[in-house]
Amino acid sequence: MHEQSKEFELTAEEAAALDEIAGALGRFGQERGNLIPILQMVQERLSYLPPRAIELVASHLGMAPCEVYGVATFYNQFRFHPPGRYRIKVCLGTACHVKGGDIILENFERKLGIRDGETTPDREFSIERVACVGCCALAPVTVINETVHGHTAPSKVEGLLLGFQIERERKEREDKKHADGESQDH
Amino acid sequence: MATIYIDDKAVEATPGDSLLSVCLKNGIYVPHLCYLEELKETPASCRLCFVEVEGEPAPVTACTTMVREDLRVRTDTPEVRRLQRAALRLLLSVHRVDCGRCPANKHCDLQRIAALLGTGLKPKNLALLLREPQVVRVHPLFDYYPNRCVLCGRCVRLCRERHAMPLLTFADRGFSTTVTFYGQGNSEEIPCADCRACVKACPVAALWPRDSDAPVPGGEEEPSPNTAGSDPAEAGP
Amino acid sequence: MPTGNPKTIDQAFKDLREEARTRWEELRQTPGPKFRLGLATCGIASGALNTKVALEETLAERGIMAQIRTVGCMGHCYAEPLLVVENPGFPPLLYHQVSPGKAKMIVRSFLEGGDPLFEHVLGAMEENDMIPWIMDFPRFSNEVRVITALCGVVDPEEISDYIALGGYAALARALESEPEDLIRAVEEAGLRGRGGAGFPTGKKWRLCAQAAGKRKVVICNADEGDPGAYMDRTLLESNPHQVLEGMAICARAVGARRGIVYVRAEYPLAVRLITTAVQQAEKLGLLGESILGGDFSFHVQVFRGSGAFVCGEETALLRSIEGKRGMPRHRPPFPVQEGLEGLPTVINNVKTLASVPPIVEKGPKWFRGVGTPRSPGTAVFSVVGDVVHPGLVEIPMGTTLRSLIFDVCGGIPRRKSFKAVQIGGPSGGCLPEDFLDTPIDFDSLVEAGAMMGSGGMVVMDEDACMVDVARYFLDFTQKESCGKCTFCRIGTRQILEILERMTRGEGREEDLGLLETLADVVRRGSLCGLGKTAPNPVLTSLRYFREEYEAHVREKRCPSGTCRALTAFYIDLDLCARGCDACVGCCPVEAIFTTLNRKKGIDQTLCVKCGECVAACPEEYNAVKKVSPPHLAPIVERPPVQET
């Protein structure tokens, strides 16, 4: 149950995004038919729906916050926890299931030490199981952020995660170099 | 007016009215949970008010059947009873049977339906699937008991009918569907103390005014003498 | 506004078409080599974007002027990324699995060296004396393309491609026809809804046209939720205009001014392409206010479905557009009487609407010439699972399952045998070998216990476990149940409990009967189509594969070795090669150890049964074996850790 879960603190970026959302709401009419498009817009900017965003949306549409919450929790798309920076979505459509998609899911869970629906404490990775993403001929499929990875064998899981780690370390190095470079300029 | 026949008894009814309403007004009890006379729209979700209508290949729900001239209805055929028993057992498979400590005891619709269908209150060979927690304390005045709730939605529909800003709603989906008072914190700002429509309409006491002295259901405590088996009318709102 | 005599609709359209044809001819006449690359989701997932970059870079590097057009999906998912190369002096050639490296090679060897690299060619796109024509292969020649005719040919982001190849002519004609004639044409064509149940489309349109009220709505249902089905997505990504044209014709027929394309948010590319298509059509006056200068207006918006399978059900879909929880309601009233916001509403599937322009253009008689008398036209299937050539296939109705699976899709790979085909997704059923000669049409499939569904087909070989497949589908419907009615909400969950118990080896003798009883009451008692059809996967598999259920319950054995709790892997020490370490490195949980004689053993307490070691064991040893029930696996002790 979502309401029992602990509320995540908003980061500074998220708080700023929330202000922007308040402005963006003006582009939408106040008819109830706009509810789902609005929630989609909010989630695109915040990547989840924190309670404050739900209140904002409710007041824009003149609805009770609980009604907005009731609608949002009906749909798979909406999240109530912040996802990881790398969102791992393991497809468990029929074709992926037949080709061992659940084994792929387990591998991610094991490697990251979290269960599906959870986010690693450093907010780097989150794992979700998703219904068919429609790339059945490439089964089993994993979607990480917006990239589709086809034919993901269990042994490929480690490679994928390692790739992200290397990418992250390289970025950190570059940021550091960049920062060092700047400090030298001054 | 139209004449219809319910279990061979001729009944006068207004065309367009719901058959379930006509049955109930004429003293013919058809099991039901989600239907409410005072609300026009019926969700037809509890799937209990099945009847057989002449000309229909399979039982239909009485709440969605409209009165028309010469409608011939049977309320107690074996097929109707089979479906009703199946629905009741499914509801009981997610129900914590603890009547002794439940304020709805003796006024509970599940008890009434079980008595009519002769099923008892056990889900038979279905697995008992209960939820955690036993009681949800989010609303300042009312508690919600998920393992009593039959999700008939009377509370949700009544609240929507009475208040421009409803205070409770369904949340989540499928087997996890629940009734929630999301976002209600302050008892001063909400009309609930005076309304109580949701509590009064609940057929199974899944919504009940908080009584901090009452034992938490599912807790280890023995039933206290002043709540166990007592008349809910006295303890009621 | 221009004054004087306004152009007639006919003239306005002819002008548009002339312009589009001129542009198309210019494209065709451009000298030099031409490339056509498939860039639908399947292609992109197979790396087609990298291929495109490599192609562009290599061409630039070599100073070759060439035309690269991006198109949608050609349906051959097994061969993605697909590239058509037109090199002057050769027929256009279709290349398969074009990796960036292969793209470079094609540029160097074929464009520069004149060697077409036959080993990478799937076939020629035209008949010629040099290279086999694709139509000589059954994967191509058995198809009849009505709905997907222009998929992979037109650029989905370029409306003018579609117009040049005959698009929107049917709409221009419809605008000058009486609505009644349009409805009659669809009725006479015998078009049935491609969303699953096969309701006559013409009848639906007529009911909506006759419904009271001036404001009406047309909705294109692209909430394709069946796991294993992606026909609708592909169509929107490859030729969105044919769908829009069908919608506009429908709107003209029923008198609607408002249209909505309801497409899953999980299909971002389809969302983007259909949105672009709407904008382009509006810009050319083919949608929007006073279409082609006439008095008919039709405004289309794109609505993104938020991920609820049940929203494929009409009444639930409407509620979600209205900003509510997508819970179905009792019918009647039907949406054609009281639909979106109470207005009469036609809801048609993507493929149904895409069938409309060809019917208007070529006539009902032509349409009836394809398919069977009761199910005219074609069926689009996504055939996936254990087939050699998975992908999207459009075949005439009446084709047998055998022909589709074995002739068109190449049969079962790895010399395994066919076991079952799942048709119709969570609402359908699994049919065994005895049903392979069933013709594919709405009625025959229902008779066999499956249903057409929206066109997802999963083929399973001997390694599939039917109990597990039933469990998979019930897990799906149970999760996707809206939770409104008792039978679907709790009944599907109780069915799942039993199936899970069976796959864990905890099934009881009475479970088989209980399963049948529950499946029956859920089917009869549920409120909407989702619940009513949810037990189908269980009922069909119980009917056709009962012995598998019995093996699970009575012997705690999974005959196909799928259910992990009922199987074990072991290493046959007679086959294992001394000193070989192939399996050790691939085990994700370090369950494989070395025995005292330097062979390998599996620690059953650690093994997660992922099967990686089976794949890793070199073919010449083939030493990893799977058994069910698990106690049949010989016990190999892990040697004590040696102090060094």
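**Notes on the helix packing**

1. Let's start with a pair in chain C: α19(C) and α20(C) are roughly antiparallel to each other, because their crossing angle of roughly 160° is over 145 degrees. Please keep in mind throughout that this is a predicted model. Helix α19 covers residues 486-503 of chain C and helix α20 covers residues 511-525 of chain C, and their axes come within 10 Å. The crossing of α19(C) and α20(C) is left-handed.

2. Who makes that contact? On the α19(C) side you will find, among them, F487(C), I495(C), I498(C), L499(C) and M502(C). The α20(C) side includes L512(C), L515(C), L518(C), V521(C) and V522(C). Sorted by class, the contact of α19(C) with α20(C) holds 12 nonpolar, 4 polar and 2 charged residues; R501(C) of α19(C) and D511(C) of α20(C) both take part in the contact.

3. A second pair in chain C is worth a look. Helix α11 (residues 240-254) and helix α14 (residues 350-362) of chain C pack at an angle of about 75°, and their axes lie 7 Å apart. That angle falls in the range of 65 to 115 degrees, so α11(C) and α14(C) count as roughly perpendicular to each other.

4. From α11(C), the residues Q242(C), V243(C), E245(C), G246(C), M247(C), I249(C) and C250(C) meet α14(C). Their partners in α14(C) include L353(C), V356(C), P357(C), P358(C) and V360(C). By class, this contact of α11(C) with α14(C) has 11 nonpolar, 2 polar and 1 charged residues.

5. Over in chain A, which residues of helix α3 (residues 51-61) are buried? They are A53(A), I54(A), V57(A), A58(A), H60(A) and L61(A). Viewed down the axis of α3(A), these buried residues fall within an arc of 160°, so they line one face of the helix. As a reminder, an α-helix has 3.6 residues a turn, so residues three or four places apart point the same way.

6. The buried residues of α3(A) pack against α1 (12-24), α2 (35-46) and α4 (65-72) of chain A. Just after α3(A), G62(A) adopts a positive phi of about 65°.

7. Finally, a loop residue: S177(C) sits between α7 (169-175) and α8 (179-189) of chain C. Is S177(C) buried or exposed? Its relative accessible area is 16%, and the cut-off is under 20%, so S177(C) is buried. Leaving aside residues up to four places away in sequence, S177(C) touches L182(C) and R252(C).

Conventions: Residues numbered from 1 in each chain as written. Chains lettered and ligands numbered in written order. Predicted model: local features only at pLDDT ≥ 70, side-chain atom pairs only at ≥ 80, totals over all residues. Heavy atoms only, no water. Axes fitted to C-alpha atoms, helices over the stretch in contact; angles between N-to-C directions. Helix = DSSP H or I, 4+ residues; strand = E, 2+ residues; numbered from the N terminus. Parallel < 35°, antiparallel > 145°, perpendicular 65-115°, else oblique. Contact = heavy atoms within 4.5 Å. Nonpolar A, V, L, I, M, F, W, Y, C, P; charged D, E, K, R; others polar. Left-handed = near helix turned anticlockwise from the far one by under 90°. Buried < 20%, exposed > 50% of the residue type's maximum accessible area, 1.4 Å probe, protein only. Arc of directions from axis to C-beta.
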